[in-house]
Amino acid sequence: MSAPNPAAVPAATPGIIRPMVGRDTAFFWEGTAVGELRIQRCHDCDALRFPPGPSCPRCHSFDQGHVVAAGTGTVFSYVVHRHPPVPGKELPIVIALIDLDEGVRMVGEVADAVPDGGGAEEIEIGMRLQVDFRRIDDDLTLPTWRKA
Ligand SMILES: [Zn+2]
């Protein structure tokens, strides 16, 4: 995939940053499209891993499958992103490292956790989160997180 090209983005999603989808990650995005948060699993040693990759870091097998996560986790750490601007986003946004209950860690945006008041939930380390799925268009559904 080449550098972001605003002209190539569908009009319905002006400026949003789209993920790179390849052979190792297609299963993840096929999962979000049907409301599943999928974690890659090694068929040989059952190790779970995120982000997805072509081979198992534990046993080096290329035989891979996936499990469907419960969609719950805990905030390990987070940042409040205020600058620079992010295409398709109204700042600030909260980006967290989330420890899924299955034992892998992933990065995600926490909605409704904007700091500085406004009635939003205040995010903190250790907070329990629940995944949601935000459909962007026919080709992209993004996982987002909220307080459980
Ligand atoms: Zn393995």
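Okay, quick definition before anything else: when I say helix or strand, I mean a DSSP run, with helices being H or I over at least four residues and strands being E over at least two, numbered from the N terminus. With that in hand, P84 sits in the loop between β4 and β5, and β5 covers 93-100. I'll come back to that loop.

Some housekeeping. What you're looking at is a predicted model, where local features need pLDDT of at least 70, side-chain atom pairs count only at pLDDT 80 or more, and totals for chains, interfaces and linings use all residues. Residues are numbered from 1 along each chain as its sequence is written, and side-chain values use heavy atoms, with hydrogens and water left out.

So, the overall picture. Buried here is under 20% relative accessible area, exposed is over 50%, and partly exposed is in between, using a 1.4 Å probe and protein chains only. The accessible surface is about 8800 Å², and 53% of that belongs to carbon and sulfur atoms. That area comes from the Shrake-Rupley method with a 1.4 Å probe, and for residues only the protein chains shown count as cover. On contacts, meaning heavy atoms within 4.5 Å: taking those with a separation of 6 or more, 47% are between residues 24 or more positions apart.

Now the metal. Which residues coordinate the zinc ion? Four cysteines, through their SG atoms: C42, C45, C56 and C59, at 2.3 to 2.4 Å. A donor is an N, O or S atom within 2.8 Å of the metal (3.2 Å for Na, K and Ca), and water is not among the atoms, so sites may look incomplete. Along the chain, the zinc donors follow the spacing C-x2-C-x10-C-x2-C. Why do we call the arrangement tetrahedral? Because the four donor atoms subtend angles of 103 to 116° around the zinc ion. The cut-off for four donors to count as tetrahedral is that all angles lie between 85 and 135 degrees. For reference, the ideal tetrahedral angle is 109.5 degrees.

Two strands pair if DSSP finds at least two bridges between them. Strand β1, residues 38-42, is mostly covered, with four of its five residues buried. β1 pairs with β3 (residues 64-68) over five bridges, antiparallel, and there I39 stands opposite V67. On the β2 side (residues 48-49), β1 has two bridges, again antiparallel, and Q40 has R49 as its bridge partner.

β1 and β2 form a hairpin with five residues between them. D46 is in that loop, and its phi is near 70°, a positive value in a residue other than glycine. H60 does likewise, with phi near 70°. H60 lies in the loop between β2 and β3 and is exposed, at 56% relative accessible area. As background, most residues other than glycine have a negative phi, and most peptide bonds are trans.

Which brings me back to the β4–β5 loop. The H83 to P84 peptide bond is cis, with omega about 0°. The bond from L91 to P92 is cis too, with omega near 0°, and P92 is found in that loop as well.

Last stop, T72, in strand β4, residues 72-81. Buried or exposed? T72 counts as buried, at 16% relative accessibility. Its side chain makes a polar contact with the side chain of D101 at 2.5 Å. A polar contact is a pair of N or O atoms within 3.5 Å; within protein, one must be able to donate a hydrogen and the other to accept it, and residues adjacent in sequence count only if both atoms are side-chain atoms. Leaving out residues up to four places away in sequence, T72 touches L100, D101, R128, L129, Q130 and W145.

Terms used. Four donors count as tetrahedral if all angles lie between 85 and 135 degrees; four count as square planar and six as octahedral if opposite donors are over 155 degrees apart and all others between 65 and 115; anything else is irregular.
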